[in-house]
Amino acid sequence: MTTASNSNVTTYSNKLESAIFNIKQQTILMQRCLTQSRLMDAFKYTSAMLTELRNPNLSPKQYYELYIMIYDSMTILSQYLIDNHPKKHHLTDLYELVQYAGNILPRLYLMITVGASFLTIPNSPKIEILKDMIEMCRGVQHPIRGLFLRYYLMQRTKWFFDNVDDNAAESELKMFKIDFITTNFIEMNKLWVRLQHQGPLRERDLRTRERKELQVLIGANLVRLSQTITDKDVDIYSNNILPRILEQVIHCRDVVSQEYLLDVIIQVFPDELHLKTLEQLLNCTLQLSPKSAISKIIVCLIERLNRYKNRESDDEGREFDVSAAILNNDKGTGMFFTFWKYLNTLDEERPDLPLKEFILLVNALLKLTISWDATNVSNIDSLFKFMLEKQKDYPSSQENNLMYKQLLSLNKFTKYTAINNNNNNNNNNNNNNNNEGKLCVDKKENLFFNIITKCNYYGCFLLGLKNKDIKLEICCDILTALFELNQLQPNVFRLTEKNEINQFLQICEPILSIEDKSNAINLEKIAKLIHLIYNVSIDEHYDLLTSTHLWINAKNSGNSINSISFAIFPSLITNYWKLIRKLYKMEKYQGRQMLLKQMFKSIARCVNEINEERELMNRPNNQQQQSSDNNNSNIDLAFKLNIQTAALADQLKLNEISYDFFTQAFIIFEDALTDSQTQSQRILYMAQALQKSRNLYNKNGTANNSYYDNLITRCTLHGSRLLQKPDQCRAVYSCSHLWWATELPTLGEEEGVTQNFYRDGKRVLECLQRSLRVADSVMDNVSGCELMVEILNVCLYYFIHGESTHITVKYINGLIALIKTNLQYLERESKQISEYEGNGDFVDGVARKEERKELEQQREGEEETESMEEGRGGSQKQFSRENLTSNIGYFGTNSALSSSKSGATIVEDSGAISVDGHSSITNGKTNKYCGNINFGIDGSIIIDNSLNQNVNASTNSNTPPVVNLTILLKDNQFQKAYNKIPEQFFKRTLLYIKDQRKVDDRFKLIVL
Amino acid sequence: MSSFFKPPIDIELLLDGEENRKYVEIPNKKQGITDRFNVYDDGESVSGIVTLRVRSEGKKVEHMGVKISLIGCIDMRKNSEKRKSSESPLSSNDKAHDTKSGVDQFLCLTADLLPSGELVHSQNIKFSFKDVEKRYESYKGTNVEVMYYLKVTVLRKAADLVKIKRFWVQLYESMENYEIKPIRLDIGIENCLHIEFEYSKQHYTLSDVIVGRIYFLLTRLKIKHMELSLITREKINRNNKIFDSNTIRYEIMDGSPVKGETIPIRLFLSGYDLVPNMNLNYFSVKHYLSLVIIDEDSRRYFKQSEIFLHRTRD
């Protein structure tokens, strides 16, 4: 039997398309009825349309599509109902009338439409209607249909909730509204959760996806709720709203729901309220279902708080002052403790939580404390302590975990350098916080620095990590960050206190423990770090350096593979140098001399250790090649450091010490430097240092000879004992400068003004003669010639510089003549060679000969012009300056080179001291000559060489022993009394050379 | 019918205030239309005018007297005999008294309108039954009908001329006699379903609202929806035959609730054409509220509980 209800009991369409069509059709019919004021018929069509929503086979998306259409249609109806309310019908009647609909879903939609229309009428029983509607909605228990129905209720009644009401019953009304929305929210959430459990088990994932599509419907309630309250309704929120919502969240025991809802709660409600109800919120998360991602929620909350903080700070200065003060005193610290307590309870109550969660949490907490209360480093420290202990509980750190650890330590810090600057800037300069320079004035206010230096557990945690790669990476990042800071603001981020250094060094440990040879770059970072050690007080600075030294030693022991001392000590020594210089200037400093001595002793120890490291390396276990490479560099370094230190000591007028270091250098030279190439270079290096020393010869030692004499003779001796003759020659004529001090403008010396230069022309001449002898005895004509030209060059230098008593015009002319003859020989040789070659290919040979001629002429021309220029001596000053730049002024280029070569060394002061001497003048010079040879003589020289070799080989039996004998003889003499080389010696050698030539020529003729 | 056989007198019966009186509309199944009947209370006078119109004016029509009767009867033939579609208690003539046929007359008042004589002109005669006691309420059910009608009879030597006019009687009760006691029921299927439901009262007026709620204490069923039906039960005492008709079907829940849910019930009765409960010697009409749960396999679970409907003055 059919009832008298308004609706035809129609069934829903099977397909979405037909459903849409039906809705459109019914809407048109309904509108037509409305224009004719046939309300009952309109209801009938509306009901038919609403029947489509009963379809259980629609996906949430499809359902939503229909819902939207129906919502629009219902809006038309609603408008009609409102417009015609008292005239054509009364809404009270209609409200009852629509309830005769036999099916519940159309009935409720109609009811809500009519009821909501009724709400807009003044003096309608609003609260009763709302209560009734929400109560009746319980009838729909189907999740999707129920959700949309309740959403419809919310949408329709939006007007009521948005409206600001009369003042009288406002609070009561407000409570009702809150209650209404909360109830609706709770019911919707229940339905939402229930949706998960519908349908077969294998469609669980599908359900979850569908639920996520629907989440906005539920969230809309919370949004509405947040709109009805303001920041000031703290009591209502904390006593009424939040507990109910949270209770629902906890009780629904659903992961999707819990995560989403908490997220919405955090995002939607005002920050002030969050601050006040932090504990409630946190306690809630403790009770979530085990699978819910707590960290996600907390991170979200913390981000929100941080954003709030940032917004606050972006406001004008005054406002910020006030709020910041309040928050910092009352809440700021309290907030951290709330979180801290929470973290601990979480730790106790949820041992099942994966480490990952904790890491994320701690990371978020770090951000929180940093943005809210950056000055309180102890908070951060305690977080790391927590992490350290936590990490122990999880024995097997998986790859995944490691990734997170990395994220935890590394990402943070790269960021923090920037963030901190911002923050601190805000904290410090409230007045002008918009400055371009975001850098903080004091390192104490840099959080990055603070964390590392004050958080003991930071280091512990870092070192406690089980994966070495990560440790190393983080450690390097920290150091890089520090250097960046330092670059931005020089001299601010220095390590001035012992604990600072200790912390940083502690962090550096992973670098040292890496047993990989490609570790040099990382070691270099430590070296850089050591450069940052600084203290105003010299004593303290010294202590800092000493402790660093001890630390390095402690770490170094038992580590054989790494060349730690090699990498680190130079920077330490440089730092000592700096300190020594500083101390030296402070003449009134108590116990200055003692301290200076101590420092030099420390340096000596460092150098020693570098040197000893080589011995460690030499143990048979190590690979041969590598270690020998290392050896050489170690020795070299120790040698250079010795010399530089000696130079420094000399500058400070500590001749004893200086002497000591020089002798050390000599010992190393004699004991360990075996490679002939380096030997020659080192001789020059030493000569350079000695030439500039001033104080060694001022006061005599106990012996007759001053230290200086002692040293320079030894130096020259070593030079003359080099293996290769060209090296010998060059070393000796370079050493000649040791008897000819030149002006050092930095010391206030000036040529012609200063009287007491250490100059001994005679000795100079001796040296030159000796080198000439060697040059002449060189078998290779070309290089011999070249050496002679070089010697000529030096002679001219002395000549121009005023040493004309010993190096006379006559002497120079003799030399020039010698060179000329030599050149003639060379010319002749080359001609013969070309002819000889020409037999093979005449045409080609002629061409080549001509070419060669040209080249040789060119070269001769060059040399001649050069010597002519020099000979003229007209422009003495210019010339001397040139020489100066090439001879003495190399410090500039040297230092530039060294600085570019290794960043670990810092070039101090005027470049008088350069740590790294790899590129000394000799280097440059030899290179230059090499270039000349190649350039000047082109390919022909090779042929010449081979020819000469032939000659040499054939004449070996005759001449070389003689030469050797003479050299030996000379050496003996040299050793006995260097300063007594007779002048005829030189002549004799000349003669000898000439004889030699003749023999050679003859021999050549015979051969040819 | 040809004019030859037309009766010489047309009888018209007009009740007082017929156009303005309260009336009911009863659907007439046979003709597919609705009949309009005036409504009278118990003890109310029934008065009106009978017009006798002579078909051919001036021609004498003899008669042996005119009388009017007010008759109340119960017709139960529908179930006792095989129904004939053309048959109607009204068309049957004097055999209405025949109890065997299932028609029982419980009221018969007769008044003479004219003595026997001749009728030349058309004539209006007033009649009035004063303060008629009407024991039963008019009722038209599936098998039983309680009827009231006025019958004008012109007695003649030949066949009598009869005119019948039905009217409707509604009896009103006062609800004061019934205490308001809610119906509470606790039912279930073991380990499957356990619900409690509650209707606010047992006695309702016809314009009342049934209010109630259902608590789900346990649901393992996959419920598709839940309905509330009002079942009207007609019982004939003579042969104890029962006829149920589903007067109202009303969906009250869509989808499957979980434990602890409460579903509200609200059913407005005034919109439906309902009859009050009746209990006569011959038959009775009772009402039952039936709560029906339909699960996803279309199985139906129901529970009926009797309620009483009463007609009251508004």
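A residue is termed buried under 20% relative accessible area, exposed over 50% and partly exposed in between (1.4 Å probe, protein chains only). By this criterion Cys795(A) is buried, with a relative accessible area of 0%. Cys284(A) is likewise buried, at 2%.

The structure is a predicted model, in which local features need pLDDT of at least 70 and side-chain atom pairs count only at pLDDT 80 or more, while totals for chains, interfaces and linings use all residues. Residues are numbered from 1 along each chain as its sequence is written, chains are lettered from A and ligands numbered from 1 in the order in which they are written, and side-chain values use heavy atoms, with hydrogens and water left out.

With a disulfide taken as a pair of cysteine sulfur atoms within 2.5 Å, the count over all chains is zero. For Cys284(A), the closest cysteine sulfur belongs to Cys252(A) and lies 9.4 Å away, which is too far for a bond.

The pLDDT (the predictor's confidence in each residue, from 0 to 100) averages 71 in chain A, where 67% of the residues score at least 70. Values stay under 50 over residues 1–9 of chain A, a segment with 19 contacts (heavy atoms within 4.5 Å) beyond four places in sequence. Residues 410–441 of chain A also stay under 50, and the model has 53 such contacts for them.

In chain B, buried residues make up 48% of the 314 residues. Of the contacts in chain B between residues at least 6 apart in sequence, 71% join residues at least 24 apart.
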